[in-house]
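Please look over the sequence and the model shown here before reading the notes.

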Amino acid sequence: NSYIGHNSIICENSTIGDNSIIKGNVSIYHDVSIGNNVHIDSGTVIGADGFGLVTENGNHHRVPHTGNVVIENDVAIGANCCVDRGTIESTIVGEFSKLDNFIQVAHNVIIGKGCIIAGQVGLAGSCELGDFVTIGGQSGIIGHIKVEDKSMVATNTLVIKSLKVGSFVSGIPARNHMKRKKQEAVINQLPELQKRVRALEKIRDNKD
């Protein structure tokens, strides 16, 4: 009961489970494993090589990626997303996770179950999301860090350090959302505080 749309390609040794929908112009490279009840929208590429380079004598050489991609059951992936294959092991999108359009999932990324990722998010190589993580649009997670279960990353946030369970962060770089709001409230008062300081300095200077 799976559906494959027009102009989609499925390369060797790839598998697709039951009741899945692959829309038109989707590219599924070799050795990709797609589970049951998966929905992949048009223009998405699953299993391309990751951005792995070695520089020697001033020349950049591509690193072969011999891993694969595993898309677990009940996952939805929007249009024009890229899920790169692992360098040696697997890039994994966990069950029940939902990805919006224009998302980059780099090599060796692990996305837990039930995650929600909004459009234009970038997940750098080897980062790991726990279960039920929510990431707002145009946010980025740098490589080799872990965002633990039930964390929330606000829109336009850059996460550069691992996050503990249940974190809620925002900003560049990411900080605790409530603390950042208090800091911004103080920053917004700086022009008025500057005026008051100058007035006090003027009174002091006149006394001198």
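Patches are made of residues with over 30% relative accessible area and no salt bridge, where like charges are joined within 9 Å and nonpolar side chains (Val, Leu, Ile, Met, Phe, Trp, Tyr) within 5 Å. In this predicted model, Ile142, Leu158, Ile160 and Ile172 form such a nonpolar patch on the surface, and together they have about 320 Å² of accessible area. Because this is a predicted model, local features need pLDDT of at least 70 and side-chain atom pairs count only at pLDDT 80 or more, while totals for chains, interfaces and linings use all residues. Residues are numbered from 1 along each chain as its sequence is written, and side-chain values use heavy atoms, with hydrogens and water left out.

**The surface patch**

- Accessible areas come from the Shrake-Rupley method with a 1.4 Å probe, and for residues only the protein chains shown count as cover; a salt bridge is a side-chain nitrogen of Lys or Arg within 4 Å of a carboxyl oxygen of Asp or Glu.
- Buried means under 20% relative accessible area, exposed means over 50%, and partly exposed lies in between (1.4 Å probe, protein chains only).
- Leu158 is partly exposed, with a relative accessible area of 31%, and Leu158 is found in strand S25 (residues 158-159); strands (E, at least two residues) and helices (H or I, at least four) are DSSP runs, numbered from the N terminus.
- Ile142 is also partly exposed, with a relative accessible area of 31%, but Ile142 is found in the loop between strand S22 (140-141) and S23.
- Ile142 and Leu158 are 16 residues apart in sequence, and their C-alpha atoms are 7.7 Å apart in space.
- Leaving aside residues up to four places away in sequence, Ile142 touches Ala124, Cys127, Leu158, Val159 and Ile160, where a contact means heavy atoms within 4.5 Å.

**The nonpolar core**

- In soluble globular proteins, nonpolar side chains tend to be buried together.
- A nonpolar core is a set of buried Ala, Val, Leu, Ile, Met, Phe, Trp, Tyr and Cys residues joined through side-chain atoms within 4.5 Å.
- The largest nonpolar core has 36 residues, of which Ile111, Ile117, Leu123, Leu129 and Ile135 touch the most other members; strand S6 (32-34) and strand S11 (68-71) each supply at least two residues of this core.
- Not counting residues up to four places away in sequence, the contacts of Ile117 are Lys98, Leu99, Asp100, Ile103, Ile111, Leu123, Leu129 and Ile135.

**The sheet of 7 strands**

- Strands of a sheet pair through backbone hydrogen bonds, either parallel or antiparallel, and two strands are taken to pair if DSSP finds at least two bridges between them.
- An open sheet of 7 strands runs in the order S3-S6-S11-S14-S17-S20-S23 with parallel pairing, and its edge strands, S3 (15-16) and S23 (146-147), each pair on one side only.
- S6 and S11 run parallel and are joined by 3 bridges, with Ile34 standing opposite Ile71 in S11.
- S11 pairs in the parallel sense with strand S14 (residues 90-93) over 4 bridges; in S14, Thr91 is the bridge partner of Val69 and Ile92 is the bridge partner of Val70.
- In a regular strand the side chains alternate between the two faces of the sheet.
- S14 and strand S17 (residues 110-111) pair in the parallel sense over 2 bridges, and the bridge partner of Val93 in S17 is Ile111.
- Strand S20 (residues 128-129) and S23 also pair in the parallel sense over 2 bridges, and the bridge partner of Leu129 in S23 is Val147.

**The sheet of 8 strands**

- Another open sheet has 8 strands in the order S2-S5-S8-S13-S16-S19-S22-S25, and the pairing is parallel.
- Strand S2 (9-10) and S25 stand at the edges with a single partner strand each, so one side of each is left without a neighbour in the sheet.
- S2 and strand S5 (residues 27-28) pair in the parallel sense over 2 bridges, with Ile9 opposite Ser27 in S5.

**Backbone features**

- Most residues other than glycine have a negative phi, and most peptide bonds are trans.
- Asn13, in the loop between S2 and S3, has a positive phi near 65 degrees and is exposed, with a relative accessible area of 61%.
- A cis peptide bond joins Ile172 and Pro173, with omega at about -5 degrees.
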